[in-house]
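Dear colleague,

Please find below the structure for your records.

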Amino acid sequence: QVQLVESGGDLVQAGGSLRLSCAASRSIFSINTMGWYRQAPGKQRELVATITSGGGTNYVDSVKGRFTVSRDNAKNMVYLQMYSLKPEDTAVYYCNAKYWSDRKFYDYWGQGTQVTVSS
């Protein structure tokens with residue numbers, strides 16, 4: 001089991017930047033995929049970015065070139081650096097951990113952190 005706690009959400013003007021942090025309750029070294037998702041009001045939760053245990057990354061097209069996901073296995077932390085924020089980035093951002101252990105699949109979520117981008 002792993003507990004995830006996000007932080008760093010804030011109100012920011014368009015064009016600004018934020019760094020979201022996700023603190024895991026245990027080592028993330030063996031966690032296959034850590035990721036960030038977001039959910040705007042009235043919309044479905046969507047994938048923003050993922051990073052594998054090997055460091056491979058994946059981004060939704062709308063954030064490519066503006067967001068960077070990273071992980072620090074030594075600190076059990078995952079980050080989402082966001083630049084050139086747009087009003088459409090406004091959402092609750094969730095940290096996610098997905099991994100296999102003993103042939104079982106695990107999928108954990110944090111409680112979310114609010115990002116609001118004003119125009």
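Tyr-99 is buried, at a relative accessible area of 5% (buried means under 20%, exposed over 50% and partly exposed in between, with a 1.4 Å probe and protein chains only). This is a predicted model, in which local features need pLDDT of at least 70 and side-chain atom pairs count only at pLDDT 80 or more, while totals for chains, interfaces and linings use all residues. Residues are numbered from 1 along each chain as its sequence is written, and side-chain values use heavy atoms, with hydrogens and water left out.

The structure contains 5 aromatic pairs (rings of Phe, Tyr and Trp, the last by its six-membered ring, pair if their centres lie within 6.5 Å; planes under 30 degrees apart count as stacked, over 60 as edge-to-face and the rest as tilted). One of them joins Tyr-99 to Tyr-106 in a stacked arrangement, with 5.1 Å from centre to centre and 15° between the planes. Tyr-106 is partly exposed, with a relative accessible area of 25%. The rings of Trp-100 and Phe-105 have planes at 55° and centres 5.3 Å apart, so this pair is tilted. Trp-100 is exposed at 57% relative accessible area, and Phe-105 is partly exposed at 43%.

Tyr-99 and Tyr-106 also belong, with Tyr-108, to one aromatic cluster.

The charged end of Arg-26 sits over the ring of Tyr-99, 4.9 Å from the ring centre (NZ of Lys or CZ of Arg must be within 6 Å of the ring centre and within 35 degrees of the ring normal). The charged end of Arg-45 sits over the ring of Tyr-94, at 3.7 Å from its centre.

Yours sincerely
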